[in-house]
Every structure is written in structure tokens, then in C-alpha cells.
Amino acid sequence: MKVIDTRIDSRYSGPLSVPTPWDDLLPLLTATEIYTLTTILPDGMPHTVPLTGAFDDLGFLFGTGPNEQKVVNITNDPRGSVQIGSALFAEGVDIVLRGRIERVTDRITLAWLAETFVTKYGEGWRFGVGSDSLLNADDLPCWVFRLVPEVGHAFVHGERGAQTPYEFASEVQP
Amino acid sequence: MKLVNVSVDHRYSVDDIAPTPWSDIERIFADTEIYALTTLLPDGMAHTIPVSGLWSERGFFFTSGPTEQKVQNLLANPRASVHVGSSHFFEGVDIVLRGPVERVSDIETLTWMRDAFVAKYGEFWTFGIGEDAFINHHGWPSWCFLLTPTVGYSFTRAEATAQTKYEFSHP
């Protein structure tokens, strides 16, 4: 994820506000425990679910059973957004990243994610690494996807309220 | 809006858990200060933004300048979902409500909304009332909308993990 442009949206920001640096947001995104993923149902409606996940250099990684609704949605329309936020009026920040979702099957990333999940969520979130997916405690496959952000928005609450859009350069997969 | 069915999705819930009562979820939703509203961009992509809002037995009320992206989205596709949640792994609850959105412009509803916004967010969040919309402190109109849920979900955590579905009917 390489940010190529950061400007404040002065329509929705206060006179004292400054753009929120992307580098300030990454630690928040990484430390968050539960994210909100929105994909598009086949009828066009948004479908929002809470989920665990992790950020690597390319985007937001998450796992899901292959039969879950979000996989049906992604297969039909590979676009989605991930959001974290604050429910408080006067403090906190909301972050929304929008982009394309692709399946990840390489074992290096799968092994990295399995390790990251255990470190982040504890022993209850331990997965094995299969040939093209993670394996849960019952040895059932857990498919891994990455949302690669194209645009992002940060919404800082409170007196220095600011709305900052981010554009990301498209990166070639290593 | 009448709750007609409540069910637990056992695939995503711990064994023998009861559905999370709607009354518990409704109270949490009503007390939330900042909601995440998702509408649909003209290209079909989800557009999510934080908004202030109000809950009543009619549904979820919010307001927006008429030129904002979410209004453009709703004029083209009057459906949306609204989410509140917890970013913690072991505590809290996520709530998602989905349904059609309509503009509200009658003075009775606008007056109720104005008073409820001030009661919830303080004097800072005061609007004037125009012919068919709020008037903000710059003198510009702010349109009012109502999302009437047809379906909702709650996601509780930890040893009480349950995914509960709520279905609503409309007269």
C-alpha cells in the first residue's frame, strides 16, 4: 500500500484541521481486533459483517469458510470495503478502505497469517497451513482473501474534525 | 416496523445459546453516538461513512447536505445499511440493520428530529427547520432521511458468541 495523494476535504473539516498522515493510521489498523467488512450481495445490497484480520504490506488479510455468504458475494463482485471506527461523537477516528478483494493461496502469506492470528488472538485462533488455504481445528479449509485498497478515507472526530481521502498506487504482486 | 421473527444462526454461534433479545440490541443501537452508514455508489460499490443519527420505533433517522455523496447514492438507489460495533475481540456486539431509505420532509418529523438531536448531542447539534428540510448554521439545507429496517443482525462475542437475525414487517 503506497499512498500517492493526501489532501484534506475542507467541506467536512474544521478551520484548525490538518490532513491525517497515513502513517498515523497504520498502527490503528494493525492493532484493531475486530474489523467490519462490507461486500455486495448478489441483489446489490451491502453485506456487512464483523471479522478478525491482519494488515500486511499489500492490504487487509482475512479468512473465511468457503461456503460463507461473503465468499458468494466476492465471487460475484470482487469489490469491498473494510472499516474500523469510533462510536463516540467527540473522539476517535473512522477509517474506511475500499478496493478489490482477491484470494490468496501462496504458502508464505498463509503461514505469516497463521502466525499473526495466534499472536494477535491467542490459541483459540490457531490454524494449520494447507496447500492453498488455512485449516481450522476440524481440518476444514479456511480461505484467505486480501482487500487491496484503492481509496481510503479517515474521519477524525471532535474539535479538530477532519476528513482526509487517500489514494493508493496499484502495486504489482511480488 | 414490527419484529416478526428472531433466529440464531447456529453455524456462527456457540452451542445452545439463546437469541440475543431485540430489546437489548435496540437499546445499544439507540444509545450509539456515531453510526456507520453504507449506501451504494452509482457503480454498485459500497460507500461507508460515519454519521450521527436517531432511533425511534419508525427506524433510523439521519441528515445530510443535499449535494453529499450519500444523497446522490440514495437518489439512484434508495437502500442502505447501518452498522454499529465493537472493535474488541472478547467484548461488545456488532449490529447491522438493512432496508429501504426514504426522505422525510414533514414538519412534525423534522421537529421531533431537531429536538431529539439536541437532546442526544447537545446544543452544538442544533438545526433550524425550513419548509421541507433542516437548515444548518450556515443557512444551508440539510435533508432528513429514514432507514426502515427489513432485516437486522447482531453478533455477540466470547462465550456468549451468537449471530442473531431479526426480521421486520411493515404495514
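Across all chains of this predicted model, a search of the whole structure finds zero disulfides.

**Cysteines**
- The number of disulfides over all chains is zero.

**A hairpin in chain A**
- Strand β2 of chain A covers residues 35-40 and pairs with β3(A) in the antiparallel sense, over six bridges.
- Within this pairing, A:Tyr35 stands opposite A:Leu51 of β3(A).
- The two strands, β2(A) and β3(A), form a hairpin and have five residues between them.
- In the turn, A:Gly44 has a positive phi of about 95°.

**Cover of strand β3 in chain A**
- Strand β3 of chain A runs over residues 46-51 and is mostly covered, with six of its six residues buried.
- Both faces of β3(A) are covered.
- On one side the buried residues are A:Pro46, A:Thr48 and A:Pro50.

**Chain B as a whole**
- Chain B has three helices and 12 strands.
- Its radius of gyration is 17 Å, close to the 16 Å that the globule rule gives for 171 residues, so chain B is as compact as a globular protein of that length.
- Taken along the principal axes, the C-alpha atoms of chain B fill a box of roughly 55 × 35 × 35 Å.
- Of the 171 residues in chain B, 51% are buried.
- The accessible surface of chain B comes to about 8,000 Å², and carbon and sulfur atoms account for 53% of it.
- Among chain B contacts between residues at least 6 apart in sequence, 62% join residues at least 24 apart.

**B:Lys2**
- B:Lys2 lies in strand β1 of chain B, which spans residues 2-8.
- With a relative accessible area of 55%, B:Lys2 is exposed, because the value is over 50%.
- Leaving aside residues up to four places away in sequence, B:Lys2 touches B:Glu167, B:Phe168 and B:Ser169.
- B:Lys2 and B:Gly53 are 51 residues apart in sequence, and their C-alpha atoms are 20 Å apart in space.

Definitions and conventions:
Residues numbered from 1 in each chain as written. Chains lettered and ligands numbered in written order. Predicted model: local features only at pLDDT ≥ 70, side-chain atom pairs only at ≥ 80, totals over all residues. Heavy atoms only, no water. Buried < 20%, exposed > 50% of the residue type's maximum accessible area, 1.4 Å probe, protein only. Helix = DSSP H or I, 4+ residues; strand = E, 2+ residues; numbered from the N terminus. Pairing = 2+ DSSP bridges. Disulfide = S-S within 2.5 Å. Rg over C-alpha atoms; globule rule 2.2 N^0.38 Å. Contact = heavy atoms within 4.5 Å. Areas by Shrake-Rupley, 256 points an atom, 1.4 Å probe, with all protein chains shown as cover.
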